[in-house]
Amino acid sequence: MKNDNLAAASDFLHTPVVRAALPFINGGLSGMVATTVIQPVDMIKVRIQLAGEGIAGGPKPTPISVTRDILASGKALDLYTGLSAGLLRQAVYTTARLGFFDTFMARVSARAKANGKQVGFAERATAGLSAGGLAAMLGNPADLALIRMQSDGLKPLAERKNYKSVIDALSSIAKSEGVAALWAGAAPTVVRAMALNFGQLAFFSEAKAQLKRRTEWSTNAQTLTASAVAGFFASFFSLPFDFVKTRLQKQSKGPDGKLPYRGMMDCFGKVAKQEGVMRFYRGFGTYYVRIAPHAMVTLIVADYLGWLTK
């Protein structure tokens, strides 16, 4: 009876519909696990990016000082502010990102195999860029809600929205600013996702292939090392766009009824002029600590789920 149940489960996993859906399901689950682990670091990263806006010198917060301020003004759970939005974002964004990437790579691999060739870095990069861009557009509303929830505590008490959940944040933003406002910052979000995916997925796939070819390390050691390499390149390529995305998604109209930034390029220009070019890389260490472990947990869990369901 037990063997019959295992056989039935195996048959179900190998049906065409389930095989097509598994990369998306595994991607979403792995991203949600990683977000739960990394959320406090993401909260600190956002607060660092928003400090000293419009000032050349400005405060220079550290991860320790930001953590201390958050804990002093509330409670430890405040570090998990916006977790519901983070989980929704992963359920949409990472599900689509890893799902599309696996789907694209499967087609590229099949075509390369049919031609007697191996998949090259260019194909991996194209798959990563395409998957990231498509997924970012789908996940932008949840990403916007996450930034609004995390930055709400920086406002004066009278101006805070005190969002109860991601659904409350999304409905409040849509009601007060219009549905189109849910895609505020979509341009840098898409470019950030493409840059991050290029660094994360393409370099992870390439590093793992190189380690497999050149070392005798265990599969786990290869996966961990490839994830760390991918995390660095993902951080380096995507941080400036992540910075601009955060500023655009957090902004609100001033007393004159105008927004501080008209769009991505305007934000890049004003920050570079008013705060200096290196401001885009402020908090690189924190960002790497947010990106690299998130990439490692996501990719390891996705690898494991892929192994369980192969």
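User: In which loop is V179 found?

Analyst: This is a predicted model, in which local features need pLDDT of at least 70 and side-chain atom pairs count only at pLDDT 80 or more, while totals for chains, interfaces and linings use all residues. Residues are numbered from 1 along each chain as its sequence is written, and side-chain values use heavy atoms, with hydrogens and water left out. Helices are DSSP runs (H or I, at least four residues), numbered from the N terminus. V179 is found in the loop between helix 6 (166-177) and helix 7 (186-214).

User: Is V179 buried or exposed?

Analyst: Buried means under 20% relative accessible area, exposed over 50%, and partly exposed in between (1.4 Å probe, protein chains only). The relative accessible area of V179 is 55%, so V179 is exposed.

User: Is S30 buried or exposed?

Analyst: S30 is found in helix 2. Leaving aside neighbours within four places in sequence, S30 is in contact (heavy atoms within 4.5 Å) with L98, T298, V301, A302 and L305. With a relative accessible area of 0%, S30 is buried.

User: At what angle do helix 2 and helix 8 pack?

Analyst: Axes are lines fitted to C-alpha atoms, for helices over the stretch in contact, and angles run from 0 to 180 degrees between N-to-C directions. The axes of helix 2 (residues 16-50) and helix 8 (residues 219-250) are 10 Å apart, and the angle is about 80°. That makes helix 2 roughly perpendicular to helix 8, a term covering 65 to 115 degrees. Residues on the helix 2 side of the contact include K45 and V46, and the packing angle is about 80°.

User: Which residue forms a salt bridge with R124?

Analyst: A salt bridge is a side-chain nitrogen of Lys or Arg within 4 Å of a carboxyl oxygen of Asp or Glu. R124 lies in helix 5 (residues 121-151) and its partner in helix 7, so the pair ties together parts that are 82 residues apart in sequence. Both residues of the pair are buried. The closest N and O atoms are 2.9 Å apart, and the partner is E206.

Terms used. Helices (H or I, at least four residues) and strands (E, at least two) are DSSP runs, numbered from the N terminus. Angles under 35 degrees count as roughly parallel, over 145 as roughly antiparallel, 65 to 115 as roughly perpendicular and the rest as oblique.
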